[in-house]
Amino acid sequence: MKAATSLLGALAMVCCTVVVCAPGARAAGPSVADQLKTAELGRFAAMMKSDLEALDKVLADDLRYTHSSGAFQNKAQYIDSLKTGAAVYHRIDSLELDAQVVGTTAILTGRAKMTLSSKGEEKVYEIRYTDVWLKRKGRWQMAAWQATRLP
């Protein structure tokens, strides 16, 4: 019995060593969903800083951006609104954030509190949103945004 227990213990150690030290094995890092959540929060930070270079990289060239007001913009129009100061994001607080990843497509859903100036008028409100991220040429970019203002 003692020999069988020792043999099982040794076998378990060998199996663990093979799994941990196998060639090509890597430490578990953040999941793709977690990476996309981080990217989304980074996008919010870039919006607040009006970091147009960062936004240009993270937004897809064929972006479709629908604001909570119903206004629609493509990438060039959206970036131009930040460049000209037509839209200034003062604060974005992420209240909920979830990501579903299926292959090279990810759907992020969330809720956020926004403080911004739009055409000189300061606004504060909560939104619920859905955005779509696509993995193209090895990198993730946001391709669509749809926000709904909460009462």
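Predicted model: local features only at pLDDT ≥ 70, side-chain atom pairs only at ≥ 80, totals over all residues.
Helix 2 itself runs over residues 32-49, 18 residues in total. From the first C-alpha to the last, helix 2 reaches 25 Å, close to the 26 Å expected at 1.5 Å a residue. Just after helix 2 comes S50, with a positive phi of about 50 degrees.

## T115 in strand 4

Next, have a look at strand 4, which spans residues 105-118 and contains T115. Is T115 buried or exposed? T115 has a relative accessible area of 16% and counts as buried, because the cut-off for buried is under 20%.

Which residues does T115 touch, leaving aside those up to four places away in sequence? The contacts of T115 are V88, Y89, H90, R91, E122, K123 and V124.

## The largest pocket

The largest pocket holds about 350 Å³ of space. Its lining is made up of 20 residues, and H67, S69, Y89, L116 and S118 are the ones nearest the centre of the pocket.

Strand 3 (87-102), strand 4, strand 5 (121-136) and strand 6 (139-149) each give at least two residues to the lining of the largest pocket. Sorted by class, that lining has eleven nonpolar, six polar and three charged residues.

Conventions
Residues numbered from 1 in each chain as written. Heavy atoms only, no water. Helix = DSSP H or I, 4+ residues; strand = E, 2+ residues; numbered from the N terminus. Expected span 1.5 Å × (residues − 1). Buried < 20%, exposed > 50% of the residue type's maximum accessible area, 1.4 Å probe, protein only. Contact = heavy atoms within 4.5 Å. 1 Å grid on protein atoms, 1.4 Å probe; cavity = no way out; pocket = protein on both sides within 12 Å on 5 of 7 lines; lining within 4 Å. Points joined across faces, edges and corners; volume = space filled by probe spheres on them. Nonpolar A, V, L, I, M, F, W, Y, C, P; charged D, E, K, R; others polar.
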